Amino acid sequence: MKKSSIPEEIINKIKQIIENFDDPLTKKPLKIDDPNINLAFKDNHLNISFEIDPSKIDAYLEIKKKLEENIAKIKDILSVNVILTSEKKSHPEKKVARFLVNSKNIIAIASGKGGVGKSSFATNLALALKELGNRVGLLDADIYGPSIPRMMGVYEKPVANENKKLIPLERYGIKCMSIGFLIDVDTPAIWRGPMVIKALDQMFNGVEWGVLDYLIIDLPPGTGDAHLSLAQESKLTGAIIISTPQEVALADVKKGINMFKKVNVPLIGLVENMSYFLCEKCDTRHEIFSNGGARNQALQSKIPFLGELPIDKNLRINSDNGTPIVFSDPKSEIAKKYFEIAKKI
Ligand code: ADP
C-alpha cells in the first residue's frame with residue numbers, strides 16, 4: 001500500500017472508515033494493512049484496489065458502495081473509487097520450477113539497456129565470488145549479444161557426457177555456459193525469440209552443473225520473455241540491475257525494477273557502472289555520464305544501492321582479451337570494488 005504519499009491526517013480518516021467494516025466472507029474486520037487492500041492517492045483522488053476471489057464478487061458489491069460513500073465525505077478527497085480486482089492478476093502465481101539447477105543461490109544480472117556493462121559485471125562478480133571461496137557457475141542468457149565466452153576467453157564448444165548432458169566449459173575456476181553455444185547468434189533477433197526458452201531449458205536442465213554456491217545469469221537487456229520465464233520458472237534468489245548514471249539509461253531501469261517486483265523476484269540491488277573517470281594526467285574526476293543517478297533511483301525504489309564502478313580502460317582491454325580484471329589484476333582499484341560488491345551480496 002502506498003501510504004507514504006498520503007498525508008497522515010487523511011490516511012487516519014480512511015483507516016477509521018475501512019476498519020469499521022467486516023470482510024463480507026470472513027466476517028473479520030478489514031485492516032488497512034491487509035495485503036489485498038492497496039491505496040493510490042494522486043492530486044487528492046483516491047483509488048482503492050481490493051483484491052478478491054472473482055467468483056465471490058457479488059458479496060463485495062455492497063461494501064464497495066459503502067466504502068465509496070463514506071470515504072467521499074472526507075474533506076480533501078475529491079473522488080474515490082474502490083476497484084474490486086482479481087487476486088491472481090496482481091500477484092502472478094509462481095509456476096512449478098522448470099529450470100532446475102543445484103545451486104544455493106541463483107542471481108540474475110539485468111539492465112534496462114544494452115552496453116551499460118552488464119556482462120562485464122556478471123563476469124567479474126562471478127570471479128570475485130569464486131575468489132571468496134564459492135563454487136560458481138556463469139550462465140550467459142544474453143540472446144542479443146552473448147559476450148561471456150569472449151570475456152572469459154572460452155572459445156571451444158561444450159561437449160556432452162554419457163548422460164547426454166553438456167559439460168560446462170571451465171575457466172578461472174568458473175563453470176561457463178553460453179546461449180551462443182546453442183543458437184546461431186547471426187540469426188536476426190526476431191527469429192531467435194522463440195528459441196530462447198528452449199535454449200534456457202537446455203542451459204539449466206541439459207547441463208551438468210554439479211553443485212554450486214552461486215549461479216550468475218547474464219540476462220538479455222530490457223524486459224522480455226527470458227526474464228519472465230526465469231522469474232516464474234526458476235528459483236531465482238534475486239536480481240541485480242546494472243545502469244549507467246544518465247537519465248536515458250535510468251528510464252529503462254524503472255521498467256526492470258517494476259517487472260521484478262511484479263513477479264516477486266527480490267531485488268538484491270542496483271549498481272552504477274561508468275560512474276566517473278579518473279584521469280591520470282590531470283588527476284581529476286570526470287563524470288562523463290553524470291553521477292549518482294542509480295543511487296537516487298535505488299533510494300526512490302527502496303532497493304539497496306550496491307556501489308559505483310568507474311570507467312576503467314584496463315577493464316575494457318581485459319574484457320576484450322578474455323582475462324577479466326578481477327582475475328588479471330585483482331589488486332586494481334576497480335577489482336577491489338567488485339570484491340566489495342561481492343561481499344555485500
Ligand atoms: P552489456 O552487457 O550491458 O551490453 P558489456 O559488459 O558488454 O555491456 O560492456 C560494453 C562495453 O563496455 C564492453 O566493451 C566493456 O568492456 C565496456 N565496459 C563495461 N564496463 C566498463 C567500465 N566500467 N569501464 C570501461 N569499460 C567498460
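L309 in β13 is the bridge partner of N273. This contact belongs to the pairing of β10 with strand β13 (residues 305–309), which is parallel and has 4 bridges; strands count as paired if DSSP finds at least two bridges between them. Helices (H or I, at least four residues) and strands (E, at least two) are DSSP runs, numbered from the N terminus. The model is predicted, so local features need pLDDT of at least 70 and side-chain atom pairs count only at pLDDT 80 or more, while totals for chains, interfaces and linings use all residues. Residues are numbered from 1 along each chain as its sequence is written, and side-chain values use heavy atoms, with hydrogens and water left out.

**Domains**

- The protein chain splits into domain 1 (8–89) and domain 2 (103–344), with bounds taken from an automatic or database domain assignment.
- The centres of domain 1 and domain 2, taken over C-alpha atoms, are 42 Å apart.

- Of the 7 residues of β10, 6 are buried, so the strand is largely enclosed by the rest of the structure; buried means under 20% relative accessible area, exposed over 50%, and partly exposed in between (1.4 Å probe, protein chains only).
- L270 is located in strand β10, and its relative accessibility of 0% makes L270 buried.
- Strand β9 (residues 238–243) runs parallel to β10 and is joined to β10 by 5 bridges.
- G269 in β10 is the bridge partner of I240.
- I240 also lies 5.8 Å from L270, C-alpha to C-alpha, although the two are 30 residues apart in sequence.
- Together, β9, α8 and β10 form a right-handed β-α-β unit (with the strands pointing away from the viewer, the path from the first strand over the helix to the second runs clockwise).

**Positive phi values**

- Most residues other than glycine have a negative phi.
- N264 is not a glycine, yet its phi is positive, at about 60°.
- The loop between α8 (247–262) and β10 (267–273) holds N264, and a relative accessible area of 41% makes N264 partly exposed.
- Y172, likewise a residue other than glycine, has a positive phi near 55°.
- Y172 sits in the loop between β6 (169–171) and β7 (174–178).

**Ligand site**

- There are 16 residues around the ligand, and those that come nearest are G115, K118, S119, S120 and P310; a residue is near a molecule if one of its heavy atoms lies within 4 Å of it.
- For G115, a backbone N or O atom is 2.8 Å from an oxygen atom of the ligand.
- For G117, a polar backbone atom is 3.0 Å from an oxygen atom of the ligand.
- For D312, a polar backbone atom is 2.9 Å from a nitrogen atom of the ligand.

**Helix α7**

- Helix α7 (residues 225–233) has 7 of its 9 residues buried, so α7 is largely enclosed by the rest of the structure.
- A226, H227, S229, L230, A231, Q232 and E233 are the buried residues of α7.

**Cysteines**

- The count is 0 disulfides, a disulfide being a pair of cysteine sulfur atoms within 2.5 Å.
- C176 has a relative accessible area of 2% and is buried.
- C282 is partly exposed, with 41% relative accessibility.

Note on methods. A polar contact is a pair of N or O atoms within 3.5 Å; within protein, one must be able to donate a hydrogen and the other to accept it, and residues adjacent in sequence count only if both atoms are side-chain atoms.
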